[in-house]
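Work through the exercises below with the sequence and the model side by side, and try each task before you read its solution.

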Amino acid sequence: MEFLCYHRDRKGSLTLRHEMVQEHWSYMDRYAKEMVARGPTFADDGETLTGSVHIVDLPDATAARAFAFDEPGYQAGAYRDVLLRRWRNALGRTMWDFPGGPDGGNRYLVLGLGAEPAADADAPDGPDDALFSRDELVAYGPLLSDDGAVWLGTAALLRAPDADAARAVLSPDRYADIEVHNWEFGGRS
């Protein structure tokens with residue numbers, strides 16, 4: 001079962017994050033085979049780190065909690081909070097299978113947090129020239145309760161012209177909040 005884990009940076013933790021980058025990567029290397037997508041998020045300036053997102057396929061919620069809370073940056077206090085939700089891979093692929101590759105264009109993490117009834121649980125499948133054809137989606141799927149029975153929102157990693165266009169991948173009136181974060185492919189350089 002897949003889980004989305006989003007570690008949000010604690011204010012003033014940038015130095016700590018930089019000091020721990022090798023420990024972080026070494027930890028993530030242990031999950032390389034289970035990784036669906038990963039990468040840092042940034043402030044609007046495109047340079048200031050704001051968090052780290054990982055979508056990982058693990059046996060159960062207990063393993064997902066261990067993944068999220070044993071992470072070295074979390075243990076050292078680099079993060080202010082962690083969003084951890086079961087996730088369903090609506091595209092059936094990893095970020096390494098994304099046709100657009102790791103470079104070119106603006107990339108975003110879009111999180112729609114809501115309550116029932118479910119919205120946007122299936123990936124958009126517009127015509128090839130539409131903004132949200134599957135070719136623009138890196139990863140997409142619903143956020144679910146640990147048992148997978150309750151829809152809690154939707155998460156997408158995508159390429160879009162700007163943050164407003166990225167936000168439009170989700171139905172705005174169906175969520176309590178929609179967050180849009182600058183994102184890039186992660187992993188070792």
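**Exercise 1. What radius of gyration would a compact globule with 189 residues have, and what does the protein chain have?**

This is a predicted model, in which local features need pLDDT of at least 70 and side-chain atom pairs count only at pLDDT 80 or more, while totals for chains, interfaces and linings use all residues. Residues are numbered from 1 along each chain as its sequence is written, and side-chain values use heavy atoms, with hydrogens and water left out.

Start with the rule, 2.2 Å times the number of residues to the power 0.38, with the radius taken over C-alpha atoms. For 189 residues a compact globule would come near 16 Å, and the protein chain has 16 Å, so the two agree. Then take the principal axes, along which the C-alpha atoms fill a box of roughly 45 × 35 × 30 Å.

**Exercise 2. Find the order in which the strands close into a barrel.**

Next, follow the pairing, which requires at least two DSSP bridges between two strands; the eight strands close in the order β1-β3-β2-β8-β5-β7-β6-β4, with antiparallel pairing. As one example, β4 (residues 79-87) and β6 (residues 137-144) are joined by two bridges, and Arg86 stands opposite Leu144 in β6.

**Exercise 3. Determine which elements and residue classes line the largest pocket.**

Begin with the term: on a 1 Å grid over the protein atoms alone, a pocket is an open set of points where a 1.4 Å probe fits, with protein on both sides within 12 Å along at least five of seven lines, and lining residues have an atom within 4 Å of a point. The lining comprises 27 residues, of which Arg17, Val21, Trp25, Pro40 and Leu49 lie nearest the centre. Finally, α1 (14-19), α2 (21-29), β2 (35-42) and β3 (49-57) each supply at least two lining residues, and by class the lining has 11 nonpolar, 10 polar (Gly counts here) and six charged residues.

How values were computed. Helices (H or I, at least four residues) and strands (E, at least two) are DSSP runs, numbered from the N terminus.
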